[in-house]
Amino acid sequence: MTGLQKGLWAVVAVAALGAVGLALFGARTPEVTESAASSVVAEFELTGHDGVVRTAEDFRGQWSLVFFGFTNCPDICPTTLAEIAQVMDDLGPQADAVQPLFISVDSERDRPEALAEYVPQFHPSILGLAGTPEQIEAAAASFKIFYERVPEEAAPDGYTMGHTSQVFLFDPEGAFVRLYGYGTPAPDITADLSARIDAHG
Amino acid sequence: MRPFATAVLALALLAAAPPLLAGGDDVVIEDAWSRASIGTSRPGVAYMTLRNEGTEPAVVTGLRTDLAVMPMIHATTTDAQGVTRMAHMEEVEIAAGETVALEPGSLHVMLMDLQRPMVEGESYTLSLVFADGAEASVEVPILGMAARGPAE
């Protein structure tokens, strides 16, 4: 690279930094944060991939692992589903005390039938939940999660989704316990969850 | 917006400068894998590592496979609030001597408009096209839908 090229790249870099700064200060911050976690509650009425309507109350008595996604998601969602499947396998007999719930934020494409051919492929214990746009909006508000439809010309139907990628843990009384960040290794989730189940008695 | 105008001028000058030798022929593709799909209506995914053994940067500018009409590289990003999004990458540079990993939750090949279902146990050929016109092909094994990494 010549000295001139280096100088020119430096100019580009400075301008790019400026643009990033502008973007950061101008950006709207979604309302999903750990700090908002204390007000997280599980309140929803959604339809399971088995066609049965469920509310949060139906899962009392079990620990719930709740996470969000959509079936047209090729990267993050299968990865999280596979991690949770591993957790359920590794929990052994304790798995009976845990119900994983995959809530689709893509109400347009993910009807219960679509979830039925997708979610159980990862683990038979994971229940997919679908809803109308209004039901998904209400559920998202109770979990304080963020999702959005992102136009993407090349994607099927011309859009993809951005969404909160953490896994939410609720105790058997339905109280929010904690978030597991995206990418938390399955053994870490298993160890944490297993200790909590033991302590809970 | 004077700095931006200067940047545009700088980029124009860079574009006009003699092209760097991009060493697409020196890129080694390893640990390629895909997940099985259900039918053809949803996009498929492929992961791999790209190691540039040359002394010049290599830039991936395109992908080809008979499995999908529109294979493209996407980057998944997760912000401080834990919200993930995907962005289309027009090109991916692999610096000389460096390795770029396409892995879950990060860069990945998105296989849009599948021409046939991706069946566990089968494989397909994926070609990477580089800025210098070089091409590198890899046979990608299709693992189970819940696979989390390349086969041992």
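# Briefing: chains A and B

Leaving aside residues up to four places away in sequence, R42(B) touches T71(A), N72(A), P156(A) and S37(B), where contact means C-beta atoms, placed from the backbone, within 7 Å. This is a predicted model, in which local features need pLDDT of at least 70, side-chain atom pairs count only at pLDDT 80 or more, and totals for chains, interfaces and linings use all residues. Residues are numbered from 1 along each chain as its sequence is written, while chains are lettered from A and ligands numbered from 1 in the order in which they are written.

- R42(B) sits in the loop between β1 (27–35) and β2 (44–52) of chain B; strands (E, at least two residues) and helices (H or I, at least four) are DSSP runs numbered from the N terminus.
- R42(B) is buried, with 21 other C-beta atoms within 10 Å; buried requires 20 or more such atoms, exposed 12 or fewer, and partly exposed lies in between, with C-beta atoms placed from the backbone.
- Between R42(B) and L111(B) there are 69 residues of sequence separation and 8.9 Å in space, C-alpha to C-alpha.
- Q121(A) belongs to the loop between α3 (112–116) and β5 (127–130) of chain A.
- With 17 other C-beta atoms within 10 Å, Q121(A) is partly exposed.
- Not counting residues up to four places away in sequence, Q121(A) touches I38(B) and M145(B).

**Chain B**

- Chain B has one helix and ten strands, in the sequence order α-β-β-β-β-β-β-β-β-β-β.
- Of its 152 residues, 34% count as buried.
- Among contacts in chain B with a separation of 6 or more, 70% come from residues 24 or more positions apart.

**Helix packing in chain A**

- Helix α2 (residues 76–90) and helix α5 (residues 186–200) of chain A pack at about 45 degrees, with axes 9 Å apart; axes are lines fitted to C-alpha atoms over the stretch in contact, and angles run from 0 to 180 degrees between N-to-C directions.
- α2(A) and α5(A) are therefore oblique to each other, the class left after roughly parallel (under 35 degrees), roughly antiparallel (over 145) and roughly perpendicular (65 to 115).
- The contact involves E83(A), Q86(A), V87(A) and D90(A) of α2(A), and A186(A), P187(A), I189(A), T190(A) and L193(A) of α5(A).

**Confidence in chain A**

- Chain A averages a pLDDT of 86, and 81% of the residues score at least 70; pLDDT is the predictor's confidence in each residue, from 0 to 100.
- Over residues 17–33 of chain A the pLDDT is below 50, and this stretch has 16 contacts in the model beyond near neighbours in sequence.

Definitions and conventions. Contact = placed C-beta atoms within 7 Å.
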